[in-house]
Amino acid sequence: MLFLPENLPAAAQLRAEGYSVSEYPLSAEPASDVAGRRVLFLNLMPQKAVTELDIARTIAATGQDVTLLPMKIAGQTYKTTPQAHMDAFYRDFGSFAESHYDGLIVTGAPVEHLDFQDVRYWPEFCHIMDWAREHVRTTLYICWGAQAALFHLYGIPKYALPAKRFGIFPQQVLDAGCPLLRGLSPTFPMPHSRHTEVRPDDFREGGVRIVADGAESGIGIAVGNKAGEVFVIGHLEYEPLTLDKEYRRDLAKGLPILPPAHYYIDDDPAKGVEHTWKSAAIRFYGNWLDSMA
């Protein structure tokens, strides 16, 4: 059973899709006795409701008991998500700061073109990353969130790509004994959509271990040696049409964009999409939730 904030739109959508979802009142204290594993959710993506649904659906598909606790950085304003939505369903970080949690999910953000220090909420974000090491059993950083955490926590830089890394790329499991990758060896597909990358040479100082990568995509997943830190450079949580929507959006804007690789049936946008990464996403998120035990 997945437990979501009362009246969060994703709850009704997931129930309509057949998932087991319940709701908890927003008036409840975040540190109160809630069901299953307690997972914080720091959503930095522009379309908050879309990402809520992606993450919630993937967790619900694992069949595990999880309470998802949306969290925001205090004092931020939002251009693409109504402020009323954020105020209704997200609590400021300070509401959670005195307690301990099983997990934290940190999403990507559309700020790849900026140096990390130029992101307006960078100091607050760094504080949350440091806090998580003492208050969260395992933190899952996704895409830009993963690159930002690798930089702040381990000094690993990001690099601009000559073209957008865009498509579904096979990931080679480098450590079949890694519990996070149980059932995914030898390879699994994962969506990528990004303009920057991290490079293996910068991991050689120790502290972070690459556990999956791809010949086309580069590093896919890495794990840190402190507080269960997990860095996923791609987007296993994406629903089937996310890359299609990004592709058509960029085309409409006149941006230089190629169709996402290995995504459309027969590489033909007119033939639709095959959701090849669904089982891998459910398996990975289930493994991550298991790691909290």
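Predicted model: local features only at pLDDT ≥ 70, side-chain atom pairs only at ≥ 80, totals over all residues.
A pocket is an open set of grid points with protein on both sides within 12 Å along at least five of seven lines.

The largest pocket has a volume of about 1200 Å³. Its lining comprises 39 residues, and those closest to the centre are Lys164, Ser193, Tyr238, Glu246 and Arg249. Several elements contribute to this lining: helix α2, strand β8 (159-173), strand β9 (187-197) and helix α6 (242-252) each provide at least two residues. Classified by type, the lining of the largest pocket contains 17 nonpolar, 10 polar and 12 charged residues.

In the lining of the second largest pocket, 13 residues are nonpolar, five are polar and four are charged.

Helix α1 spans residues 9-16 and helix α2 spans residues 48-61; their axes lie 10 Å apart and form an angle of about 45°. The two helices are therefore oblique to each other. The crossing of α1 past α2 is right-handed. On the α1 side, the contact is formed by Ala10, Gln13 and Leu14, while α2 contributes Leu53, Ala56 and Arg57. By class, four of the residues in this contact are nonpolar, one is polar and one is charged.

Methods
Residues numbered from 1 in each chain as written. Heavy atoms only, no water. Axes fitted to C-alpha atoms, helices over the stretch in contact; angles between N-to-C directions. Helix = DSSP H or I, 4+ residues; strand = E, 2+ residues; numbered from the N terminus. Parallel < 35°, antiparallel > 145°, perpendicular 65-115°, else oblique. Left-handed = near helix turned anticlockwise from the far one by under 90°. Contact = heavy atoms within 4.5 Å. Nonpolar A, V, L, I, M, F, W, Y, C, P; charged D, E, K, R; others polar. 1 Å grid on protein atoms, 1.4 Å probe; cavity = no way out; pocket = protein on both sides within 12 Å on 5 of 7 lines; lining within 4 Å. Points joined across faces, edges and corners; volume = space filled by probe spheres on them.
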